[in-house]
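Please keep the sequence and the structure in view while reading.

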Amino acid sequence: MTRTMTGICAAVAVAAGVYAMNSFSTRQGETSLLDIQLIGAANAQESAEAAEVDTSTIVEMVQGAEDAPVTMIEYASYTCPHCASFHADAYKKLKADYIDTGKVKFIYREVYFDRFGLWASMVARCGGAEKFFGITDLIFQQQSEWTRAGNPTEMVEALKKIGRLAGLDNDKLEACMQDATKAQTLVAWYQENATKDEVQSTPSFVLNGTKVSNQSYEDMKALIDAELEG
């Protein structure tokens with residue numbers, strides 16, 4: 001099922017706040033100051049236009065040679081089954097055939113259909129650029145497990161478990177997940193990119209500036225080869 005952008009702002013606006021309410025209450029059952037700040041940040045960003053956020057702090061996640069003749073951008077959601085399928089098959093072929101050989105510069109950009117995709121993104125980015133793609137692979141591989149883990153708290157714990165498998169400790173993960181400013185900035189960054197590239201569904205791709213839809217690897221390969229041939 002292809003995921004579309006309808007209602008995305010409303011779905012993500014309370015994402016960080018709901019996470020705080022469900023996952024970071026104090027042991028005495030009270031809400032911490034950081035929880036309150038996180039909820040406030042979520043409520044403050046009803047739309048990208050309303051929030052004046054400096055998105056330049058968000059690091060682009062890139063693989064391949066900087067001077068590769070072809071640049072491919074993938075827009076994907078961690079909760080999108082078709083995105084998981086792409087990463088389980090076509091992406092591995094793309095990496096071997098084009099990214100690792102210096103022909104394609106690959107940029108991965110997250111799309112947030114829901115609060116869970118945002119949380120997954122915050123875990124994936126918690127280890128920095130060095131660990132990002134490895135954690136992304138784990139998140140997609142275990143998509144059917146963590147997205148069905150139960151209530152929001154259990155889903156967060158399942159995502160944190162993935163982060164620990166990648167070598168992140170629990171204190172680091174909790175700090176990443178409670179970063180209200182980062183959550184707000186990621187949503188604004190996503191909205192800027194999706195508007196600029198007219199992204200309506202995932203996975204979507206931009207190949208040397210031209211938007212292309214999800215398709216078989218052979219069809220995608222033909223498009224890349226045409227770009228390489230000039």
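How many bridges join strand β2 to β4? Three bridges join strand β2 (residues 61-63) to β4, and the two run antiparallel; strands pair when DSSP finds at least two bridges between them. The model is predicted, so local features need pLDDT of at least 70 and side-chain atom pairs count only at pLDDT 80 or more, while totals for chains, interfaces and linings use all residues. Residues are numbered from 1 along each chain as its sequence is written, and side-chain values use heavy atoms, with hydrogens and water left out.

Helices and strands are DSSP runs numbered from the N terminus, with helices being H or I of at least four residues and strands E of at least two. The protein has twelve helices and seven strands.

Strand β4 (residues 104-110) is largely enclosed by the rest of the structure, because seven of its seven residues are buried. Buried means under 20% relative accessible area, exposed means over 50%, and partly exposed lies in between, as found with a 1.4 Å probe and protein chains only. In a regular strand the side chains alternate between the two faces of the sheet. Both faces of β4 are covered: V104, F106, Y108 and E110 are buried on one side, and K105, I107 and R109 are buried on the other.

Rings of Phe, Tyr and Trp (its six-membered ring) pair if their centres lie within 6.5 Å, with planes under 30 degrees apart counted as stacked, over 60 as edge-to-face and the rest as tilted. The count by this rule is ten aromatic pairs. Among them, Y78 and Y108 form a tilted pair, 6.0 Å centre to centre with 35° between the planes. Y78 lies in the loop between β3 and α4 (81-88) and Y108 in strand β4, so this pair ties together parts that are 30 residues apart in sequence. Y78 has a relative accessible area of 1% and is therefore buried, and Y108 is buried at 0%. Y108 also forms an edge-to-face pair with F133, 6.5 Å centre to centre and 80° between the planes. Because F133 lies in helix α7 and Y108 in strand β4, that pair ties together parts that are 25 residues apart in sequence. F133 counts as buried at 9% relative accessibility. Y78, Y91, F106, Y108, F132, F133 and F140 form one aromatic cluster.

Y78 has a further place in the nonpolar core. A nonpolar core is a set of buried Ala, Val, Leu, Ile, Met, Phe, Trp, Tyr and Cys residues joined through side-chain atoms within 4.5 Å. The largest such core holds 62 residues, of which M72, Y78, L94 and W146 touch the most other members. Helix α6 (residues 115-124) gives the most to this core, with seven residues. Contact means heavy atoms within 4.5 Å. With neighbours within four places in sequence left aside, W146 is in contact with Y78, T79, F116, A120, I139, M155, A158, L159 and I162.

The cysteines come next. A disulfide is a pair of cysteine sulfur atoms within 2.5 Å, and the count by this rule is one. C126 and C176 form a disulfide, with their sulfur atoms 2.1 Å apart. The pair links distant parts of the chain, 50 residues apart: C126 is in the loop between α6 and α7 (128-141), and C176 is in helix α10 (residues 170-177). The torsion about the S-S bond of C126 and C176 is about 80°, so the disulfide is right-handed. Both C126 and C176 are buried. C80 counts as buried at 0% relative accessibility, and C83 is likewise buried, at 0%.

K95, in helix α5 (residues 90-99), is partly exposed with a relative accessible area of 25%. Not counting residues up to four places away in sequence, K95 touches Q63 and D100.

For the protein as a whole, 50% of the 230 residues count as buried. Among contacts between residues at least 6 apart in sequence, 80% join residues at least 24 apart.
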